Amino acid sequence: MADNDIKTTEGQGYSRRQFLIGAGGVGIGALAGGFMVKSFFLPDSVFAVPASEGYLVVDTHKCAGCASCMLACSLVHSGETSLSLSRIQVINNVFAAYGEEDSVVQEQCRQCPHPYCAEACPTGAMHADPDNGNVRTVDQAKCIGCERCIEACPFTPSRVQWDPKKRKAQKCDLCKDTPYMTEEGGVGGQQACVAVCPTRAISFVSDIPAQTDTGYQVNLRDDNVAWALLGLPTEDDGSYAPVATAAPAPTGH
Amino acid sequence: MAGGYTGKILRIDLTNKSVSTLDSEKYQEYGGGHGMGSAVFWDLCEDKTVSGFDPKNVVTIMASPFSGTLVPAASGRTEVQGIGVQGYPIEYFTRSNFGGRFCGHMKWAGWDGFTVEGAADEPVWIDIRNGEVEFKSAEGLWGLDAVEAQEEIWRIVQNGEEKEWRELGKERTTQRPAVLTIGKAGETLSRTAALIHDAGNGAGQGGFGGVFGAKNLKAISVLGTGSVEIADPKALMDARLWSMEYAVAGHLDEDYTPLGMGSMFGGAPASGAAGYGPADQPKSPIGCLGCHKNCRARFASAASNGSSCVDYFFYHVYDQAAHGSYTQHILDATEALQRYGINSYQAEGAIIWLNNLHKEGILGPGLEIDTALDFNQLGTAEFAKQFLDMMANGYDVGEALHEGVAYAAEKWGRYEQDTASGILPLQCHGYVQHYDARTEVEWGYGSLVGDRDINEHDFNTLVFWAPSISALFGAQPACSADQLAEIMGEKLSPYNDPMMMDYSDEGIYSESMAKLVAWHRHYTRYYKQSLALCDWAWGDFFNEYGPEGRGMTGEGEPKFYKAVTGIDQSFEEGMEVGRKIWNLDRAIWILQGRDRELEVFTDYNYEVGAVPGYTTYEVPYVVPMYKDGQWVYESAVGRMLDRDKVEEWKTKFYTLEGWDPATGWPTRATLEELGLSHVADDLEAAGKLGS
Ligand code: SF4
Ligand code: SF4
Ligand code: SF4
């Protein structure tokens, strides 16, 4: 699937995958993060779209792996709860240590400055939606289920999912198309995953954050007064920001 | 069909290595989980008097309509039932449940529950991927501990593709399968053996690990890629967001002042484990599926990941005594407990007892009870591992303890003596004391009239922990005794009697206390064990974030039930379902031999005064009392129970429940009122119907 495929770019003689590798440890994300521009050009590109006006960032040092975000995502979009239909994928290895890479992996769409998914789409179904802050979105009426977007997404697993019932692609729309959510979604609205996350490990931001191939490097721990008071580390190295020591919680635990 | 159900139960016949399905619709009136399990057990287990180890024992593993949904602290709990092997002197039909994500995958795979019947002729594991069920040889898994076995099954099912979308029929998933397994203790048919799932989730009480071992069943793996249908998705999302306001999760931006907090739903991330590791070891929370609270922890050493309070309590005091504070030893000891798959309560009771016998000069190298254990090493991880290895493999003191503490005491000829002095902390029916029946009576009574240590903390948090911890720190509990009585008077419907909170010397034998115990039995049977609301979050009575300190109970349960199923059921109607399930369970125990005479505590409860730290809670017992016309929190330390008054209380309780006071057996009228006339017929045929 996506990670193994070499996607050749016409006329340039190198693949996008190679381009990503060529960018070394920094990768496409960090590169993109450095360009705070409304459009983004690769060497071969005639394909340019305006930057998304919204992004999800996730702090894996906070994430508890509860999958509430996944259940909420499928609930508000499809009216049913399913991990397979969630646009955000959390892969939790409960036996891995705190801080260990892959202990909990949060896979959310990056709303790429250069969305390979949209570029690969032959019908224009996958597009930047001007009515929703240029979020990369599938117009399912136009989707023919060819799965090229799924394969084109450079991340593993692909951030575009397959909806087996409709036989069409779907992806994070920052909750724009949410018939089962009372609040308005989308850029400027409520994101279901952000709203339900009990550790506040997910946040919506308007500017593309600095990122690496393994994810955005964000610390949402020190945003929360209670985090350190709960005895949980606030710094990336596992240490605590200086706070008053909390007494044990008499909740019977 | 109502939302939240798949309509099918998978029957797994190990003897014939075949499967069939059972329509779950006729059991849906019981909610799901426990109620559904009891009703299915009643129908499928033909001889309810067999041993738990007998192939004819039927084990039910049930999801609830909330499993795999967004109902907070309800999505991830799976209920296990069948004839357990820990009950003493009778192996009662019993229950246990575990968190994680197993029931979610059951539902996404298309099942409301599993039954495990018969016994395989060689070790097997069961590989369930949506509707596909395969019996596989467990040759390569037998002997692996509970973590290794899961990792091996993950590897097999994921086929090496750890983060890819993998196809399962027409659907796709990135997820690991959910595995329920046994460790060494289960393989050797120990009565202390637990079922283990993911990190730190276990069904320990009842000894179902040993039951799996007897069935030659190493593990069940389930991976589902489907959906749970929700009757009113918008209402569910709204209800979830509404409930967040009652939780720390909705208040992370505010100062957190744990002291004086008492609410269960409001509890904090990692609070179930954070206190028991080395203070400087980095950690983050781990939660069950869909949880709003995420009470367990992931440690930088990975040792004991996902464990919670009681998993540490078997050993934490010894680590602290030996090393001055909690160290890596307690994390490593707990990790070993999980890997062997041993019920922590059994390990806890056993160590307390052995240590007491050692102090009395009865147990030790070359003594009356000879052992290689070196008590100078108590508190080290090495001691814990050696002891757990003995328990799991049945040698040294483990030769007897493999059968659990009650049967071991009988084997060593010490049961009467040591439960009278109290050096062996067995409260009743062979279960280790968890909370003290002498002071926190709703816990003791609930266990006495039931099948096992109840392990239900909803009242416990408010009547014991909050006032006792506050007393320890010289603070006021967040909920005053006055307010507590007022709130309970409002919420404990249909009784609505504030005197139910009176834990004074008179109050504990009163009619009101009978109502409290009845309310608790009915509430937990339905809402916690059938709809699978987590014990660590519900019922929500007092809540520091709620309006005027009011929690969600009474309002929250029906709101979530309606959103998921589409069925408008009042809170009181749910309580009646709980009463029905409770009576059905009671009928099974009676067929197994239960009567009034067997409902007695062990002697120490009547003969020795309660002291803090009797098991492992080194905290004074401060409880609510109504004294001289006022509600107060006061210490109940030193109290012992009065035999005659407990007997009088039993008569009040049986009468309230519509049971024959002479025998404790339900009457036909009671059973028929609950729609259980077929149960009355069976009791009558066995000569065990109350009159
Ligand atoms: S809801 Fe939050 S804590 Fe739970 S899995 Fe998602 S990001 Fe992690
Ligand atoms: S689906 Fe993949 S390629 Fe498309 S915007 Fe998201 S992360 Fe980028
Ligand atoms: S923002 Fe909305 S669509 Fe995107 S992952 Fe979160 S819940 Fe799903």
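Me: Which residues form one aromatic cluster together with B:Y445?

Reply: The cluster takes in B:Y445, B:W582, B:W589, B:F601, B:Y606, B:W649, B:F653, B:Y654 and B:W659. Before we go on: this is a predicted model, where local features need pLDDT of at least 70 and side-chain atom pairs count only at pLDDT 80 or more, while totals for chains, interfaces and linings use all residues. Residues are numbered from 1 along each chain as its sequence is written, chains are lettered from A and ligands numbered from 1 in the order in which they are written, and side-chain values use heavy atoms, with hydrogens and water left out.

Me: How many aromatic pairs does the structure hold, and what makes B:F265 and B:W538 edge-to-face?

Reply: Over all chains there are 39 aromatic pairs. For B:F265 and B:W538, the ring centres are 5.4 Å apart and the planes stand at 75°, so this pair is edge-to-face. The rule is that rings of Phe, Tyr and Trp (its six-membered ring) pair if their centres lie within 6.5 Å; planes under 30 degrees apart are stacked, over 60 edge-to-face, and the rest tilted.

Me: Why can you say that this pair ties together parts that are apart in sequence?

Reply: B:F265 is in the loop between α6 (233-244) and β16 (283-286) of chain B, and B:W538 is in the loop between α18 (511-528) and α19 (556-565) of chain B, so the pair ties together parts 273 residues apart in sequence. Helices are DSSP runs (H or I) of at least four residues and strands (E) of at least two, numbered from the N terminus. Both B:F265 and B:W538 are buried.

Me: Which kind of pair do B:F653 and B:W659 form, and why does B:F653 count as buried or exposed?

Reply: B:F653 and B:W659 are edge-to-face too, at 5.7 Å centre to centre and 80° between the planes. Buried means under 20% relative accessible area, exposed over 50%, and partly exposed in between (1.4 Å probe, protein chains only). B:F653 has 0% relative accessibility, so it counts as buried. B:W659 has 2%, so it is buried as well.

Me: How do you know that the charged end of A:K62 sits over the ring of A:W227?

Reply: The charged end of A:K62 is 4.9 Å from the centre of that ring. The test asks for NZ of Lys or CZ of Arg within 6 Å of the ring centre and within 35 degrees of the ring normal. Chain B has an example as well: B:R594 lies over the face of B:Y92, 4.3 Å from the ring centre.

Me: Why is α1(B) called oblique to α20(B)?

Reply: Helix α1 (residues 33-44) and helix α20 (residues 571-591), both of chain B, pack at about 40° with axes 10 Å apart. Axes are lines fitted to C-alpha atoms, for helices over the stretch in contact, and angles run from 0 to 180 degrees between N-to-C directions. Under 35 degrees counts as roughly parallel, over 145 as roughly antiparallel, 65 to 115 as roughly perpendicular and the rest as oblique. That angle therefore makes α1(B) oblique to α20(B). Among the residues making the contact are B:F41 and B:W42 of α1(B) and B:L584 and B:I588 of α20(B); contact means heavy atoms within 4.5 Å.

Me: And what makes α20(B) and α24(B) roughly parallel?

Reply: The axes of α20(B) and helix α24 (residues 677-685) of chain B cross at roughly 15° and come within 11 Å. The two helices are therefore roughly parallel. Here B:L584, B:A587, B:I590 and B:L591 in α20(B) meet B:V679, B:D682 and B:L683 in α24(B).

Me: What about A:P164, buried or exposed?

Reply: A:P164 has a relative accessible area of 17%, so it is buried. A:P164 lies in the loop between β7 (161-163) and β8 (168-170) of chain A. Leaving aside neighbours within four places in sequence, A:P164 is in contact with A:L85, B:K170 and B:E171. Of the 253 residues of chain A, 60% count as buried.
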